[in-house]
Amino acid sequence: MKLVTAILRPHRVADVRAALTTFGIHGMTISQATGYGMELWRTSSYRGQTFHDEAVSNVRLEILVADTDAEDVVNVITRSAASSASGAGKIWVMPVDALARVRTGERGLDAL
C-alpha cells in the first residue's frame, strides 16, 4: 500500500476531489495546512496596510491506495490541480507497512 499526500491550493480541491471520485477513490483525509516553499512570503494588504504573510494557507489531501494505483492517483491529482502559478502544490508517495480498519478489524488491502 501507498500513502499519496498532496498539498494544494484551496480553490483546486473541488476539482481534484471530483477527478479522484471519477477514478474510483472515495475516501481521503482533507485538512488545512500552512507553510511556505520557494516563496518566503506574500505581500497582502488589509484596510490600506501592506504586510507580509509568512505562511500560505493550503489544503493537505491524504489518500491510501494499492501499490498499483499510486502512480495513477498522482497523475489524476496533477492533471486536475494543474496551474502555471508558483506554489501550485506538491505530491509525494510513501509506503505503508500496515493498515487496520477499527470497526471490523480487517487488515491490509481489505481495510481500504
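# Report on the fold and surface of a predicted model

D15 counts as partly exposed, because its relative accessibility is 38%, a value between the limits of 20% for buried and 50% for exposed. The structure described here is a predicted model.

The C-alpha atoms of D15 and A81 are separated by 7.1 Å. For A14 and S80, the C-alpha separation is 9.4 Å. D15 also takes part in a salt bridge, and its partner is R12.

**Salt bridges**

How many salt bridges does a search of the whole structure find? The search finds 3.

| Salt bridge | N to O distance |
|---|---|
| R12 and D15 | 3.4 Å |
| R60 and E62 | 3.2 Å |
| R101 and E106 | 2.9 Å |

Side chains of opposite charge can pair when their charged atoms come close. Several of the residues in the table are partly exposed. R60 has a relative accessible area of 28% and is partly exposed, and E62 is partly exposed at 23%. In the pair of R101 and E106, R101 is partly exposed with a relative accessible area of 26%, while E106 is partly exposed at 32%.

**Strand β1 and its partners**

Strand β1 covers residues 2-8. Of the 7 residues of β1, 5 are buried, so the strand is largely enclosed by the rest of the structure. β1 and β5 run antiparallel and are joined by 7 bridges. The pairing of β1 with β6 is also antiparallel, and 7 bridges join these two strands.

Some individual positions show how the strands line up. L3 has L64 of β5 as its bridge partner, and L8 stands opposite V59 in β5. Towards β6, T5 stands opposite W92.

T5 lies in strand β1. Is T5 buried or exposed? T5 is buried, because its relative accessible area is 0% and the class takes values under 20%. Apart from its neighbours within four places in sequence, T5 is in contact with R60, L61, E62, K90, I91 and W92. Two of these contacts, R60 and E62, are the residues that meet in a salt bridge through their side chains.

β5 has a further partner. Strand β2, residues 29-35, pairs with β5 in the antiparallel sense over 7 bridges. Within that pairing, S31 has R60 of β5 as its bridge partner.

**The nonpolar core**

The largest nonpolar core has 17 residues, and the members that touch the most others are L20, V73 and I77. Four elements each supply at least two residues of this core: β1, α1 (13-23), β5 (56-65) and α2 (70-80). Which of the elements gives the most to this core? The answer is α2, with 5 residues.

I77 illustrates how parts of the chain meet. Not counting residues up to four places away in sequence, I77 touches V4, A6, L8, V16, L20, I63 and I91. Among these contacts, L20 is also one of the core residues named above, and L8 is the residue that stands opposite V59 in β5.

**A nonpolar patch on the surface**

L64, L109 and L112 form a nonpolar patch on the surface, and together they have about 260 Å² of accessible area. L64 is the bridge partner of L3 in β5. L112 lies in the segment after β6, a strand that spans residues 89-95. With a relative accessibility of 44%, L112 counts as partly exposed, and residues of a patch need over 30%.

Notes:
Residues are numbered from 1 along each chain as its sequence is written. This is a predicted model: local features need pLDDT of at least 70, side-chain atom pairs count only at pLDDT 80 or more; totals for chains, interfaces and linings use all residues. Side-chain values use heavy atoms; hydrogens and water are left out. Patches are made of residues with over 30% relative accessible area and no salt bridge: like charges are joined within 9 Å, nonpolar side chains (Val, Leu, Ile, Met, Phe, Trp, Tyr) within 5 Å. Accessible areas come from the Shrake-Rupley method with a 1.4 Å probe; for residues, only the protein chains shown count as cover. A salt bridge is a side-chain nitrogen of Lys or Arg within 4 Å of a carboxyl oxygen of Asp or Glu. Buried means under 20% relative accessible area, exposed over 50%, partly exposed in between (1.4 Å probe, protein chains only). A nonpolar core is a set of buried Ala, Val, Leu, Ile, Met, Phe, Trp, Tyr and Cys residues joined through side-chain atoms within 4.5 Å. Contact means heavy atoms within 4.5 Å. Two strands pair if DSSP finds at least two bridges between them.
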